[in-house]
Amino acid sequence: MGLNIIVCMKLVPDPEGPADSFSVDAESKRVVVHGLPPVANPYDENALEAAIRIKEAQSVGDPARITLLSMGRNLSRAVVLKAMATGADDAVFIEGEPFEAQALDSHINATLLAATIRRLDYDLVLTGRQAADTNSGQVGVGIAQLLGIPAITVAQRVEIIEGTVQVERVLPDGYEVVQAPLPALVTVSHEIGDLRYPTLTAIRTAKQLPQKVLSPSDLNGELSSNGLVKRVALAAPSRERSCAMVIAGTPEDTGRELAARLLADRVL
Amino acid sequence: MPEKIIVFAELEDYACLTRLTLELMGLGARLASEFDGELDVVLLGDGIGDAAGELASLGARHVYVADHPTLQTYNPDVYLEVLKRLLQTESAFTLLAGHTPAGQDLMPRLAFALEAGLVTDCVGIENSSPGDGPVFIKPIFGGNALASQVVSTPRRIATVRARVGTAPEPTGGGGELVALDPPTIEPLVKTLDRTTEDRGVKLEDSRVVVSGGRGMGGAEGFQALDKLATLLGGAVGASRPPCDSGWVKASAQIGITGKIVAPDLYFAIAISGSSQHLSGMSEAGKIIAINQDPEAFIFKVADYGAVGDWKLVLPALTEALEKLLE
């Protein structure tokens, strides 16, 4: 049998959207998003790209099978099908009211995903290094911990070599090559490169790929656990500062004036 | 109930406490006093007696030290074993770690191993919700909102950004050094090789950062930034577009998908100010922006602004500073 790769993908409001598309509702302690479509979490797209490259690199044996796993209240089929069309073989969706992203903390997220993965055949689980909405960065490692498998974080390259996963792991001043036996989980970083575009034909036929939908009743036990982290308040960031504009005749004068000002104000 | 605050200390060059570790000691001492608790610290490494001694003088009651050759470089499985053994005997604590590569990798493992609630990337920790323990403040949605969170489990873990705490003055007081048993497990995750590049001053540790954006127009522009950075003993960074275009290395990227920096001084050259970039640098001490567009959002978040073509403004600025700083 070929290698089974599971890629976890969260849908998030487009993180590249302008700052004024996000507002804070202090009363409900929720971030309200205006007019931004959901997109696949960019790091999770990197994870899918890593999976496709592993599949492509294989020259012998049964081809790897890539399963896309996504969880949410109401998953945009346009987004998940487009992701599937880049190279997934099938998909599992965990869907329903209780899976609303802002209602779940990292611990429940990891618990629900791990419970689902446990029911599937898997050799390698790939996730993004963090989600663009919560910026939490704990679900991937949490899944591994709950499944009892080794985890490697922040990958810029992922390869399967003789039953092990070999990873280039990003360091602040370079990278290290680390290895773990399969099954394993790897969280992927943007250094690996963007997810490829699907072909039009692949997008058209993606909906025929096998899909399985799990509903809240399939995960009753896991949903009954309380979160470990509770939001008690939400505020808009106060980033604005009062900016002293340095104005002079020519751009060169402006540069010199800025230098003088920084020294006069003892900023330097 | 008194809080037990524990700091996870980190070293650079295998020997010296990082600046962030010192800041965490200050933050830990503040929380210990606000919550009528005690401060402990744990340090892992090899040949680390001096650093452990320094921690003992910084207000810690206990300095837990695991000093062993297998702990010289970070390994997730080995570090997890040592910390788990120490902490599983503690029923309630707040563990503070830096939001560093090791902190980001290790703390989620520890949190899930100990059923502890974890808040990552904290920009503040307050005593503002009586009875709930510390309130952990972190940016979410790319820094477009700040969430205040409490942890309902008696074991709590937080990873904390630079500049949240203030490094304490040595008290001269002697914390008790407690030796931890060396690790015994054979790690599943093994490091085969490490490739590091000499990058001069590290972005994250640098007190001055000079960054360029899309408006730099190409790789050549970054040499001008390098000149100013070198003059001020700083490092060069970038917003996302120059990294995506290959003008600079991906490791120079500052923002939610790159590095998070909090230097004393941040120069934003030809950077418009997307939220994804701002969330990586808005904690900087002073922000100086140069941009051709007077309406650029960066001026709203900067302390000093200059409107003009960076190709003309920046060399004049650098040259003038060269003379003035002589």
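Good morning. I begin with chain B, where the centres of domain 1 and domain 2, taken over C-alpha atoms, are separated by 32 Å. Domain 1 of chain B covers 4-179 and domain 2 of chain B covers 208-324, with bounds from an automatic or database domain assignment. This is a predicted model, in which local features need pLDDT of at least 70, side-chain atom pairs count only at pLDDT 80 or more, and totals for chains, interfaces and linings use all residues. Residues are numbered from 1 along each chain as its sequence is written, while chains are lettered from A and ligands numbered from 1 in the order in which they are written.

The contact between the two domains takes eight residues from domain 1 of chain B and nine residues from domain 2 of chain B; a contact requires C-beta atoms, placed from the backbone, within 7 Å.

I turn now to the sheet. Four strands form an open sheet with antiparallel pairing, in the order β14(A)-β10(B)-β9(B)-β8(B). Strands here are DSSP runs (E, at least two residues), numbered from the N terminus, and two strands pair if DSSP finds at least two bridges between them. β14 (229-235) of chain A and β8 (124-126) of chain B stand at the edges with a single partner strand each, so one side of each lacks a neighbour in the sheet.

Within chain B, β8(B) is joined to the antiparallel strand β9 (residues 135-140) by three bridges. B:Glu126 stands opposite B:Val135 in β9(B).

Finally, the C-alpha atoms of chain A fill a box of roughly 70 × 45 × 40 Å along the principal axes.
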